[in-house]
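Please open the model in your viewer and keep the sequence panel beside it.

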Amino acid sequence: MKVEDHGEEIAVRMSRAEFFLVQSLMIEALETGDDRDFHTRVGATKNEVRSLIASLPDLPLGR
């Protein structure tokens with residue numbers, strides 16, 4: 001994975017496997033996270049995580 005810091009924005013370049021791992025971890029956090037401390041543990045609300053997941057491209061698993 002390569003991350004470039006551009007101040008207010010960052011650019012991330014990752015392999016397909018890394019992308020699906022990050023996506024899976026976000027989905028897992030939504031499914032198993034306790035509403036009472038989700039924001040504290042994750043640093044975002046469940047709605048923010050849902051929006052982020054929805055904004056990810058729909059990539060085929062293998063290529």
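A polar contact here is a pair of N or O atoms within 3.5 Å; within protein, one must be able to donate a hydrogen and the other to accept it, and residues adjacent in sequence count only if both atoms are side-chain atoms. This is a predicted model, in which local features need pLDDT of at least 70 and side-chain atom pairs count only at pLDDT 80 or more, while totals for chains, interfaces and linings use all residues. Residues are numbered from 1 along each chain as its sequence is written, and side-chain values use heavy atoms, with hydrogens and water left out.

Begin with the whole chain, coloured by pLDDT, the predictor's confidence in each residue on a scale from 0 to 100. The average is 90, and 97% of the residues score at least 70. Three helices and two strands are present, in the order β-β-α-α-α along the sequence; helices (H or I, at least four residues) and strands (E, at least two) are DSSP runs, numbered from the N terminus.

Next, select Lys 46, which belongs to helix H3 (residues 46–55). Is this residue buried or exposed? Lys 46 counts as buried because its relative accessibility is 16%, the class being defined as under 20% relative accessible area, with exposed over 50% and partly exposed in between (1.4 Å probe, protein chains only). Show its side chain: a polar contact of 2.7 Å joins it to the side chain of Asp 35, and a polar atom of the Lys 46 side chain lies 3.4 Å from the backbone oxygen of Leu 30. Apart from neighbours within four places in sequence, Lys 46 is in contact (heavy atoms within 4.5 Å) with Leu 30, Gly 33, Asp 35 and Phe 38.

Finally, move to the largest pocket by selecting its lining: Val 12, Arg 13, Met 14, Ser 15, Arg 16, Phe 19, Val 22, Gln 23, Met 26, Leu 52, Leu 56 and Leu 59. A pocket is an open set of points on a 1 Å grid over the protein atoms alone, where a 1.4 Å probe fits, with protein on both sides within 12 Å along at least five of seven lines; lining residues have an atom within 4 Å of a point. The space in the largest pocket is about 230 Å³, a volume being the space filled by probe spheres set on the points. Helix H1 gives the most to this lining, with five residues.
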